[in-house]
Protein chains: 2
Amino acid sequence: MIGPVTKRRTDGLSKDVIVRAAAGILDEAGEAALTFRALTARLDTGYGAIYHHVANKSDLLAAATDDVIARVMTGTADGAEPREALRTVALGLFDAIDAHPWVGAQLSREPWRPALMEIYERIGGLLDALGVPERALFDAAGALVNYVLGVAGQNAANARLLTSGQGDRSAFLADVSARWASLDPDRYPFVRRAAAHLREHDDREQFLAGVDFFLAGIATLR
Amino acid sequence: MIGPVTKRRTDGLSKDVIVRAAAGILDEAGEAALTFRALTARLDTGYGAIYHHVANKSDLLAAATDDVIARVMTGTADGAEPREALRTVALGLFDAIDAHPWVGAQLSREPWRPALMEIYERIGGLLDALGVPERALFDAAGALVNYVLGVAGQNAANARLLTSGQGDRSAFLADVSARWASLDPDRYPFVRRAAAHLREHDDREQFLAGVDFFLAGIATLR
DNA sequence: ACCTGAACACCGTTCAAGT
DNA sequence: ACCTGAACACCGTTCAAGT
């Protein structure tokens, strides 16, 4: 019997290479697919080599998330008018999390890492530029960041459901809508009415509408 | 050698008993402690018995979450003026998630389950009673629920950090505050300023402040 | 310093077998 | 119908050993 020909990489490993490979697996196959076994296979290496550059799995996820967020935060909407810049940054985050749902899950799970600090800095700075008074500035930034995190978590959960359940989006929405429409109208009057709007609603637009509610509320303080 | 004396329960098992036991483990020892092995030990039974009443772990977590949320949603702030009722319901959710952080994590993870429908119904109904116009009603409810979910996720993450890191809360805040204060003032001007507020800030009050921003923004529509 | 990969200590879940 | 518990197919992580 001929022994297995395990290819081995000749160039050196680095945290950067590992993080990029992890992000690739996460994007292509979802969060459940990121295992150290899958990583060693993709990188043609062993467990120890990975652990030599990365503390553990949670470190790996955090580093990959920081990468994505940093790319969104730098350069987006520089020099624009504060209110418009806030909307642009918020939409940039929404789109990034939509494209990489694992980022949303990670932000909800470990929000004290650098990625969230970047978000907080950017949004807080723009609210300051908008003229939000000092006494409300930090509450306002906290609220807006929390809102973005909430949407991030939802998006990640929806993406997980849609990829695992292999149904397409409109079929899923139609299904939920039909279930909501058949609820007891005495117990669930609001959700029943919402059912009709659900099928035609646009997640991106609804996200922006929420940002606008915030900004309108904050504007009443001035 | 004398065989092990494994106690066996004499009364029948039920989904309710299992869900309550799971909630007990989650409250006492956190999310990582909820394993089927721990459950069989606590209930003096085997795996099959549990799987006979519960589909899988995710079903178990969802059921436990629905229980907690249903208790918060029913009876809280009935008959109060809509604006005040909204604040009361929001605070009730905040406190419940603070007491049971695993509820927050679950709401961010699987938001299409009954628990979220209850929240959506309650908050949407109150916004309707508040006089929010039809065209904005569903966006407003979506935004407010997302905000609550965001806080829920944060709270759960913080609780996980504080129990696993075994440091007390004020020491943790002082540590983060010190780290933020020592950041490069050119790159992180906002976060540096926020550091001072962090030590004395009240999570509960900041949460309510966010709700008020929303309500103020929504009020501008009328 | 950097890497290997067998081994350890766990998981959730299944299923033939019992009552 | 309800329950048992050995077994399966995985995990993340460690560590003695190699270069």
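User: How many salt bridges does the structure hold over all chains?
Analyst: This is a predicted model. Over all chains it holds 28 salt bridges.

User: Why is the pair A:E31 and A:R109 called a salt bridge?
Analyst: The rule asks for a side-chain nitrogen of Lys or Arg within 4 Å of a carboxyl oxygen of Asp or Glu. In A:E31 and A:R109 the closest N and O atoms are 2.7 Å apart. That lies within 4 Å, so the pair counts as a salt bridge. Side chains of opposite charge can pair when their charged atoms come close.

User: What makes A:E31 and A:R109 a link between distant parts of the chain?
Analyst: They are 78 residues apart. A:E31 sits in the loop between helix 1 (15–29) and helix 2 of chain A. A:R109 belongs to helix 6 (residues 101–109) of chain A.

User: How many salt bridges are there between chain B and chain A?
Analyst: The count is 6. Take A:R193 and B:E134, whose side chains meet at 2.7 Å, N to O. The cut-off is 4 Å, so this pair qualifies.

User: Which polar contacts does the rule find across the interface of chain B and chain A?
Analyst: It finds 15 residue pairs, with both residues at pLDDT 80 or more. The N or O atoms of such a pair must lie within 3.5 Å.

User: Which helices of chain B each supply at least two residues of the side that touches chain A?
Analyst: Helix 6 (101–109), helix 7 (114–129), helix 8 (134–164), helix 10 (189–200) and helix 11 (203–219) of chain B do. Helix 8 of chain B gives the largest share, 19 residues.

User: What makes up the side of chain B that touches chain A, by class?
Analyst: It has 29 nonpolar, 13 polar and 9 charged residues.

User: How many residues does the contact take from each chain, and how much area is buried?
Analyst: The contact takes 51 residues from chain B and 51 residues from chain A. Together the chains bury about 4500 Å², 67% of it on carbon and sulfur atoms. B:E121, B:F190 and B:F213 supply 17% of the area that chain B buries against chain A, more than any other three residues.

User: How many helices and strands does chain A have?
Analyst: Chain A has 11 helices and 0 strands. Its C-alpha atoms fill a box of roughly 75 × 50 × 25 Å along the principal axes.

User: Where does the name "HTH tetR-type" come from?
Analyst: It comes from an unreviewed UniProt entry, which gives this domain to residues 12–72 of chain A. In the model, that span is 75% helix and 0% strand. The UniProt entry, also unreviewed, places a "DNA-binding region" at residues 35–54 of chain A. The end C-alpha atoms of residues 35–54 lie 14 Å apart.

User: How do you know where confidence in chain A is lowest or highest among its helices?
Analyst: Compare the mean pLDDT values. Helix 9 (residues 169–181) of chain A is lowest, at 87. Helix 2 (residues 36–43) of chain A is highest, at 97. Chain A as a whole has a mean of 90, and 93% of its residues reach 70 or more.

User: What is the pLDDT over residues 1–6 of chain A?
Analyst: It stays under 50 there. For residues 1–6 the model has 0 contacts beyond four places in sequence.

Key: Residues numbered from 1 in each chain as written. Chains lettered and ligands numbered in written order. Heavy atoms only, no water. UniProt positions renumbered as here; feature names shortened; annotations may be inferred. Helix = DSSP H or I, 4+ residues; strand = E, 2+ residues; numbered from the N terminus. Contact = heavy atoms within 4.5 Å. Buried area = accessible area lost by both parts, 1.4 Å probe. Polar contact = N/O pair within 3.5 Å; in protein donor to acceptor, adjacent residues only side chain to side chain. Nonpolar A, V, L, I, M, F, W, Y, C, P; charged D, E, K, R; others polar. pLDDT = per-residue confidence, 0-100.
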